[in-house]
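Let us take a walk through this structure together, one neighbourhood after another. Keep the sequence at hand and follow along in the 3D view.

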Amino acid sequence: MLAAAERASALGDGPVTLDGIELHPASASRAAEVMRAAGHAANVTIAEFFSCEPRPRYDAVVGNPPYVRYQEFTGDIRLRSREAALRGGVALTGLASSWAAFTVHAAMYLKPGGRLGLVLPAELLTVNYAAEVRRFLMERFRAVRLVVFHERVFPGVLAEVVLLLADGFDQGPTDHCELVKANNLDDVLTAPFTTWRPPTRSAKWTASLLSSTALNAIQGLHDGDGFVHLQTWGETTLGMVSGNNRYFMMSPADAERHGLSGAELLPMSPPGSRHLRALRFSTDDWHAIGDRGAATLLFRPEETPSIAGQRYIADGERLKVDQAYKCRVRRPWWRVPLVPSADIFLTYMNADTPRLCANEAGVRHLNSVHGLYLRAGLADLGRVTLPLGSLNSMTLLGAEMVGRSYGGGILKLEPREADLLPMPSPAVLESARDDLVARASDVEQALVAGTVIDAAAIVDEVLLRRHLGLTAREVEEIRAGHRDLYTRRIARGSPPNRSDVAAF
């Protein structure tokens with residue numbers, strides 16, 4: 001409020017009415033005291049923001065709303081926040097953090113032509129639940145400007161922030177954003193801005209963070225025949241849902257201990273995806289991890305279980321496994337619905353980047369990974385070249401743009417998002433097949449060493465430089481874009497400083 005008063009005085013537009021809303025009584029009293037000491041008249045209402053009916057009478061609304069994640073943003077206040085957002089025409093999902101509803105509710109206090117200035121988490125640009133907020137901003141405002149920072153703005157606070165500066169309320173829509181890339185607060189007023197047009201008003205704004213060279217290179221790859229979406233190669237689906245992996249999945253040693261026969265057991269990729277970080281998962285790999293105690297077998301009897309199978313089913317009923325939801329709604333409860341063996345596994349939760357791993361073992365998979373089923377005519381080429389070809393910087397960057405970030409900085413990829421992953425086209429991988437296979441052992445060594453970036457550098461040289469003709473600068477800009485988005489994701493996954501939520 002003090003900054004707003006000082007700015008209004010500098011503009012010399014005459015008397016200004018300043019109103020504030022603050023939940024915490026002591027903070028509200030302190031704010032009023034500070035304003036009086038500075039010689040400014042201000043009204044500070046002690047209230048919970050979403051309980052206040054917005055009156056569209058203000059020329060400007062400024063603020064730094066609390067960033068409370070959905071797990072902690074519960075109860076009546078969450079209900080009121082969603083009702084407030086609905087008044088603005090925005091339906092928020094159950095995953096929305098508090099700032100999303102704050103943004104919409106704050107805008108509803110503006111009169112036509114008003115301006116909105118908020119300090120928001122960088123999630124505004126990237127998360128799926130903010131899609132409706134992005135649409136709201138572009139539909140209701142004449143101009144939307146975003147200021148992003150390379151450095152942390154608040155010392156000691158890990159949350160990455162952006163400044164949202166929206167102008168001309170109820171004078172929209174706009175089809176573009178103005179983006180200011182500043183190093184720190186000192187650069188805000190002098191840093192140049194660029195114009196960026198998202199493909200739709202609700203689309204993620206992640207690409208706005210990339211350099212113009214990277215964006216041009218990406219567009220060129222998509223406009224030509226170099227890259228396609230993963231759905232061109234095949235269909236990505238969820239894996240099998242057992243209802244209780246601890247019960248249904250077992251190691252070969254466990255199966256022997258229970259006396260279960262091979263006819264009642266299905267070979268499976270074990271839960272998780274740590275074992276799928278190479279280019280292929282072979283039968284030897286499957287046997288090896290089973291011998292080490294991994295759960296590589298699924299209990300799934302036919303119509304009449306063996307005596308040992310009946311005993312195991314009885315054990316499950318004593319443990320109330322049959323009462324789990326997925327078990328309770330199927331008949332019989334112990335027969336897990338099957339999903340066909342996939343051509344390629346696609347990792348679902350990733351600390352670094354999604355991996356494609358050829359399913360040479362021919363085993364089935366659980367819903368901890370996705371299955372890619374290659375289209376007719378592409379199966380032979382895809383199994384050999386797609387896990388290799390996907391390890392390029394364009395695909396790594398694309399994963400950061402289409403995936404979603406979760407706790408700990410984990411990148412999650414649902415099947416509909418995986419469909420949009422940029423992949424080398426069949427024509428490109430056909431032409432590059434021999435060159436890629438010749439470097440496969442080098443790529444595998446890099447993966448074993450845990451250096452995905454080194455593996456991508458090998459593939460980049462073959463695909464992006466040699467076969468697609470990108471310049472060294474274009475490739476480096478794509479790599480830099482991936483590094484930037486990856487770093488931002490990891491930073492967003494760090495636990496927030498408690499000062500992020502103190503105002504709430």
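Leu266 is found in strand E12 (residues 265-267); helices (H or I, at least four residues) and strands (E, at least two) are DSSP runs, numbered from the N terminus. Residues are numbered from 1 along each chain as its sequence is written. This is a predicted model, in which local features need pLDDT of at least 70 and side-chain atom pairs count only at pLDDT 80 or more, while totals for chains, interfaces and linings use all residues, and side-chain values use heavy atoms, with hydrogens and water left out.

Which residues does Leu266 touch, leaving aside its neighbours within four places in sequence? Leu266 is in contact with Thr296, Leu297, Leu298, Arg300, Leu338 and Arg364, where contact means heavy atoms within 4.5 Å. Take Thr296 from that list: it lies 30 residues from Leu266 along the chain, and the two C-alpha atoms are separated by 8.3 Å.

Now move on to Leu366, whose place is in the loop between strand E16 (356-358) and strand E17 (369-374). Is Leu366 buried or exposed? With a relative accessibility of 1%, Leu366 counts as buried; buried means under 20% relative accessible area, exposed over 50%, and partly exposed in between (1.4 Å probe, protein chains only). Not counting residues up to four places away in sequence, Leu366 touches Gly239, Met240, Asn245, Met249, Met268, Ser269 and Pro271. Met240 is 126 residues from Leu366 in sequence, yet their C-alpha atoms are 4.4 Å apart in space.

Helix H12 (residues 307-318) has 12 residues and reaches 17 Å from its first C-alpha to its last. That is close to the 16 Å expected at 1.5 Å a residue, the expected span being 1.5 Å times one less than the number of residues. The buried residues of H12 are Ala308, Gly309, Tyr312, Ile313 and Gly316. They cover an arc of only 140° around the axis, so they lie on the same side of H12; the arc is that of the directions from the helix axis to the C-beta atoms. On the other side of H12, you will find Ile307 and Arg318 exposed. What covers the buried residues of H12? The cover includes helix H9 (245-248), strand E11 (249-250) and strand E13 (297-299). Just after H12, look for Lys320, which takes a positive phi of about 65°.

Let us turn to the strands. Strand E7 (residues 177-182) is largely enclosed by the rest of the structure, because 5 of its 6 residues are buried. E5 and E7 pair in the parallel sense over 5 bridges; two strands pair if DSSP finds at least two bridges between them. Leu146 stands opposite Leu179 in E7. Strand E8 (residues 193-196) runs antiparallel to E7, and 4 bridges join the two. Here Leu179 stands opposite Thr194 in E8.

Strand E6 is mostly covered as well, with 7 of its 9 residues buried. Strand E4 (residues 110-121) runs antiparallel to E6 and is joined to it by 7 bridges; the bridge partner of Pro121 in E6 is Val161. E5 and E6 also pair, in the antiparallel sense, over 7 bridges, and Val148 has Val162 in E6 as its bridge partner.

Finally, the rings. How many aromatic pairs does the structure hold? There are 13 aromatic pairs; rings of Phe, Tyr and Trp (its six-membered ring) pair if their centres lie within 6.5 Å, and planes under 30 degrees apart count as stacked, over 60 as edge-to-face and the rest as tilted. The rings of Phe49 and Phe50 have centres 5.8 Å apart and planes at 50°, so this pair is tilted. Phe49 is buried at a relative accessible area of 15%, and Phe50 is buried at 4%. Phe141 and Phe169 are also a tilted pair, because their planes are at 55°, with ring centres 5.2 Å apart. This pair links distant parts of the chain, with Phe141 in strand E5 (residues 141-149) and Phe169 in strand E6 (residues 161-169), 28 residues apart. Both Phe141 and Phe169 are buried.

Phe49, Phe50, Tyr58, Phe102 and Tyr109 form one aromatic cluster. The charged end of Arg57 sits over the ring of Tyr58, 4.9 Å from its centre; a charge sits over a ring if NZ of Lys or CZ of Arg is within 6 Å of the ring centre and within 35 degrees of the ring normal.
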